[in-house]
Amino acid sequence: MCGIVGYIGNKNCVPILINGLKRLEYRGYDSAGIGIIENGNSSIIKNKGKVSALEERIHNMNLHAGLGIGHTRWATHGIPNEINAHPHSNSNNTLFLIHNGIIENYQTIKTGLKKLGYHFTSETDSEVLVHLIDSFLVKGYSLCKAVQLALNEVEGTYGIAVIYREEPDKIVVARKGSPLVVGLGENENFIASDVSAILAHTKQVVYLDDGELAVVSKDNFTVKTISDKEIEKEVHEISMSLEEIDKGGFPHFMLKEIMEQPESVRNSMRGRLLIDEGTSKLGGLTEVVDRLVNSKRILISACGTSWHAGLVGEYMLEHIARIPTEVEYASEFRYRNPIIDKDDTVFLISQSGETADTLAALREAKNRGALVLGICNVVGSTIARESTAGVYIHAGPEIGVASTKAFTSQLVVLSLITLLIARKKSLSAPEGREIVKELQALPDKISEILKLNDKIEELANEFKDANNFLYLGRGYNFPVALEGALKLKEISYIHAEGYPAAEMKHGPIALIDENMPVVFIAPKDSTYDKIISNIEEVRARGGKIIAIADDGDGEIDRIVDHVIKIPRTIEMLSPILNSIPLQLLAYHIAVKKGLNVDQPRNLAKSVTVE
Ligand code: M6R
């Protein structure tokens, strides 16, 4: 969602804020702004559009300040325009605030403030915060106290940063439900919603937890609760490098991240395979492994692509580890009054580790006594920290809004978890060794698939003008069909649906004619004969068929229009390979349509609102 960055120190904060905002643009990008304070002067510059538009605007302004905050917006209340962009300010322009989250009771607060004579300029929920804080400042409270008092009246979620011309030696930040870190430097400090914004300057960070507030000056910081209890915080060292969050010569982050998959998949397995024993070793689960293995039931909760990974996990866990498994959208789970008890294990899958619905599902499951395990990519993220235990996927930073390498790494980690449980239950060592061998072979097989990039690009050329797409798969590859369709729709804006192939005849078959491309995921697995019948059904109705099939499948060519042949693996791991051509197809179609692949319209990388 929105991105937040702030600086206090002896340097000019303006380029630091702009560069930080560029790093954060993947979180939200309909408008951007900065607010700076220097020598008793305070100014806000904000713009509709991308950070580059803001940068251009301030290029000749010769701005200089040692204190400032910046924001990229992903609109929730009010259209993307200059007025609704952050920072928001009080009426005399002395108090600036940036906000990520949603203030649920903003209308009530606004009505109260209007009665006190406050005037609102924007349509946002965030603007109430700045006036509410101001209403305490005018009563003589300090900035820190005014923020605390204001937040006591607020319902909803927030990560906020506030600066005040009358107290120019500090930034006050607070969080509830939206991430915030404080970055520590020498005679300078930083605040951000995401470490990538400040990684160029420091690797020492302090993560704020919900209900905490920090007062950050250039050479100190203190953390307390909103209700004023002092807290000792641990300083963490970030291991991520700046190069890892650059495009590295690729035209888009998405393509870079697709191409990184041999390495990211290898990293997800590194040090975790016990070859002779035919099992896996997951340090993050050591303390809870007995409880996990003896779970009566596993629930997996997630959103979007991570939910698709969870669906594949369900097939793995039931098929190989023989534990009843259910998968549910986090947004439904949290409001459903789910039946969960202490014999259940609930996995929360999240690339960002900050998705609001997934975090709420985690808290619900924890409250009900289940074992709560996180599968996250972002180290130190809220879901990772609030889980009882968990496994990092180690895919490396994923910046493109469309999730690619995180998906394949989530599947690798789910297969490692499955293997761990299965070997402690009924899977034999030779069977375990077979899975380990196939896991080890994945990076090379992915490299082979990536060599098909040009061929897939040609295919994209042929299908870029289609208005609809259908993706069909069965068994382990039904979730891959869902994921292929999601990839296409989110970056190319082509309507696409994923279905279990057999369900087609219960409705979607009515859509099929010569204008409907149908992508079949058709590996030679236990469902192959059935899927061939489904292909025939589409062929009989004139649909254009693209198949993802195994190398060496000589039969399929004669019944499909196009086939992408990829290396074979065992059934449980085939979604990892089959998803990659679909990522490339979506990518090339979007590029050929001239769309912004890394920052598709209306989407944000990290969905920190409900
Ligand atoms: O960070 P998370 O994995 O929790 O994010 C969940 C979804 O928002 C995310 O997968 C989304 O669907 C992506 N845009 C998919 O490409």
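Predicted model: local features only at pLDDT ≥ 70, side-chain atom pairs only at ≥ 80, totals over all residues.
Residues are numbered from 1 along each chain as its sequence is written, and side-chain values use heavy atoms, with hydrogens and water left out.

## Around the ligand

What surrounds the ligand? There are 14 residues in the shell, and the closest are S306, S350, S352, T355 and E490; a residue counts as near if one of its heavy atoms lies within 4 Å of the molecule. By class, the shell holds 4 nonpolar, 8 polar and 2 charged residues (Ala, Val, Leu, Ile, Met, Phe, Trp, Tyr, Cys and Pro are nonpolar, Asp, Glu, Lys and Arg charged, and the others, Gly among them, polar).

Two helices, α9 (304-319) and α16 (478-492), each supply at least two shell residues. The largest share, 3 residues, comes from α9. Helices (H or I, at least four residues) and strands (E, at least two) are DSSP runs, numbered from the N terminus.

## Polar contacts and cover

S352 brings a polar side-chain atom to 2.7 Å from a ligand oxygen, and S403 uses a backbone N or O atom at 2.8 Å from a ligand oxygen. For K487, a side-chain N or O atom is 3.0 Å from an oxygen of the ligand. The protein covers 92% of the 420 Å² of accessible area that the ligand has on its own (Shrake-Rupley method, 1.4 Å probe).

The ligand takes up the second largest pocket. A pocket here is an open set of points on a 1 Å grid over the protein atoms alone, where a 1.4 Å probe fits, with protein on both sides within 12 Å along at least five of seven lines; a molecule sits in one if more than half of its atoms lie within 2 Å of its grid points.

Which peptide bond is cis? That's the one from H86 to P87, with omega near 0°. P87 is in the loop between β4 (67-73) and β5 (88-89).

N62 isn't a glycine, yet has a positive phi of about 55°. Look for N62 in the loop between α2 (51-58) and β4.

How values were computed
Polar contact = N/O pair within 3.5 Å; in protein donor to acceptor, adjacent residues only side chain to side chain. 1 Å grid on protein atoms, 1.4 Å probe; cavity = no way out; pocket = protein on both sides within 12 Å on 5 of 7 lines; lining within 4 Å.
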